[in-house]
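Me: I would like to go through some labels and the cut-offs behind them.

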Amino acid sequence: MTMRLGMGNIVWSPLEGGWLSGKYRQGNPRDTARAKQWIGDLDNPKFARRRAVVDELWKVVEPKGVPLARFATAWVLRHPAVTSAIIGPRTLEQLEDSLQALAVTVSDDEAAAVDRLVPPGTAAL
């Protein structure tokens with residue numbers, strides 16, 4: 001709709017609140033204050049689908065040799081209706097890593113794989 005009206009979109013949180021950063025993957029320690037406050041009990045069954053999708057997204061991205069966080073930001077910016085993304089880094093290291101997403105190309109096949117895992121218009125994550 002915004003494209004039809006000639007408007008842009010500024011999207012927030014391309015890393016889905018940290019889920020696409022890798023820090024909440026199976027087996028990763030999650031003892032940070034943010035993990036406890038923002039996410040809560042990762043072993044709660046309500047997160048099973050989310051964790052499964054994130055694990056599958058990693059399989060799409062690993063052959064590229066880039067972190068999922070970088071790929072996720074590049075994927076968001078790939079959409080022609082997206083003008084900008086609010087990335088929200090908390091450290092200089094996170095900012096530098098996020099900016100490297102500008103050099104990541106998301107192929108049509110990779111975008112289609114993401115769409116199969118998280119169909120457009122759904123909230124699988």
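Me: Why is Lys64 called partly exposed?
Reply: Buried means under 20% relative accessible area, exposed over 50%, and partly exposed in between (1.4 Å probe, protein chains only). Lys64 has a relative accessible area of 30%, so Lys64 is partly exposed. This is a predicted model, in which local features need pLDDT of at least 70 and side-chain atom pairs count only at pLDDT 80 or more, while totals for chains, interfaces and linings use all residues. Residues are numbered from 1 along each chain as its sequence is written, and side-chain values use heavy atoms, with hydrogens and water left out.

Me: What makes the contact of Glu110 and Lys64 a salt bridge?
Reply: The term requires a side-chain nitrogen of Lys or Arg within 4 Å of a carboxyl oxygen of Asp or Glu. For Glu110 and Lys64 the N to O value is 3.2 Å, so the pair qualifies. Glu110 lies in helix α5 (residues 108-117) and Lys64 in the loop between α2 and α3 (68-78), 46 residues apart. Helices here are DSSP runs of H or I with at least four residues, numbered from the N terminus.

Me: Is Glu110 buried or exposed?
Reply: Glu110 is buried, because its relative accessible area is 13%.

Me: Why is Arg70 called buried?
Reply: Arg70 counts as buried because its relative accessibility is 15%. Asp97, at 23%, is partly exposed.

Definitions and conventions: Helices (H or I, at least four residues) and strands (E, at least two) are DSSP runs, numbered from the N terminus.
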